[in-house]
Amino acid sequence: VFEVIAERLPATIELTLVALLVAVAVAVPLGVAAAVRRDSWLDRGLSALSLFGVSLPGFWFGILLILLFAVQLGWFPVGG
């Protein structure tokens, strides 16, 4: 089991780091914009969007992304 996990570990670490970089690159500018325009429609909209993102379970969001990109847009295969 260790060999199989070790074989996949570099790809997992790479995906994790890229996801972290994208999240920070999106979150920091939007957070600064919301802080600069406090109590505006932008602040309220970004706060609602972030609350929605935190509240939505990851497995459900994954299913929604599969429906969007594989089923509706046809960009990716649905399975395998």
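Biologist: How far apart are the mean positions of the positive and negative charges of the chain?

Modeller: In this predicted model, the 4 positive and 5 negative charges of the chain have mean positions 17 Å apart. Lys and Arg count as positive, Asp and Glu as negative.

Biologist: What makes up the secondary structure of the chain?

Modeller: The chain has 3 helices and 0 strands. Read from the N terminus, the order of elements is α-α-α.

Biologist: How do you know that the chain is more spread out than a compact globule?

Modeller: The globule rule gives 12 Å for 80 residues, and the radius of gyration of the chain is 17 Å, well over that value, so the chain is more spread out than a compact globule. Along its principal axes, the C-alpha trace spans about 50 × 30 × 20 Å.

Biologist: What share of the residues counts as buried, and what supplies the exposed area?

Modeller: Buried means under 20% relative accessible area, and 9% of the 80 residues count as buried. The chain exposes about 7,000 Å², with 75% of that area coming from carbon and sulfur atoms.

Biologist: Why is G31 called partly exposed?

Modeller: G31 has 39% relative accessibility, so G31 counts as partly exposed. This residue belongs to helix α1, residues 2–36. G31 and S47 are 16 residues apart in sequence, with their C-alpha atoms 9.0 Å apart in space.

Biologist: How does the reach of α3 compare with the expected span?

Modeller: At 1.5 Å a residue, 21 Å is expected for the 15 residues of α3. From first C-alpha to last, α3 reaches 20 Å, close to that value. After α3 comes G74, with a positive phi near 70°.

Biologist: What makes the pair of F69 and F76 edge-to-face?

Modeller: The planes of F69 and F76 are at 70°, and over 60 degrees counts as edge-to-face, so the pair gets that name. Their centres lie 6.3 Å apart.

Biologist: Are F69 and W75 buried, partly exposed or exposed?

Modeller: F69 has 26% relative accessibility, which falls between the cut-offs, so F69 is partly exposed. W75 has 57%, over the 50% cut-off, so W75 is exposed.

Biologist: How do you know that P77 is exposed?

Modeller: The relative accessible area of P77 is 63%, and over 50% means exposed, so P77 belongs to that class. P77 is placed in the segment after α3 (58–72). P77 and I66 are 11 residues apart in sequence and 9.1 Å apart in space, C-alpha to C-alpha.

Methods. Residues numbered from 1 in each chain as written. Predicted model: local features only at pLDDT ≥ 70, side-chain atom pairs only at ≥ 80, totals over all residues. Heavy atoms only, no water. Helix = DSSP H or I, 4+ residues; strand = E, 2+ residues; numbered from the N terminus. Buried < 20%, exposed > 50% of the residue type's maximum accessible area, 1.4 Å probe, protein only. Rg over C-alpha atoms; globule rule 2.2 N^0.38 Å. Areas by Shrake-Rupley, 256 points an atom, 1.4 Å probe, with all protein chains shown as cover. Charge placed at Lys NZ, Arg CZ, Asp CG, Glu CD. Phe/Tyr/Trp six-rings, centres within 6.5 Å; stacked < 30°, edge-to-face > 60°. Expected span 1.5 Å × (residues − 1).
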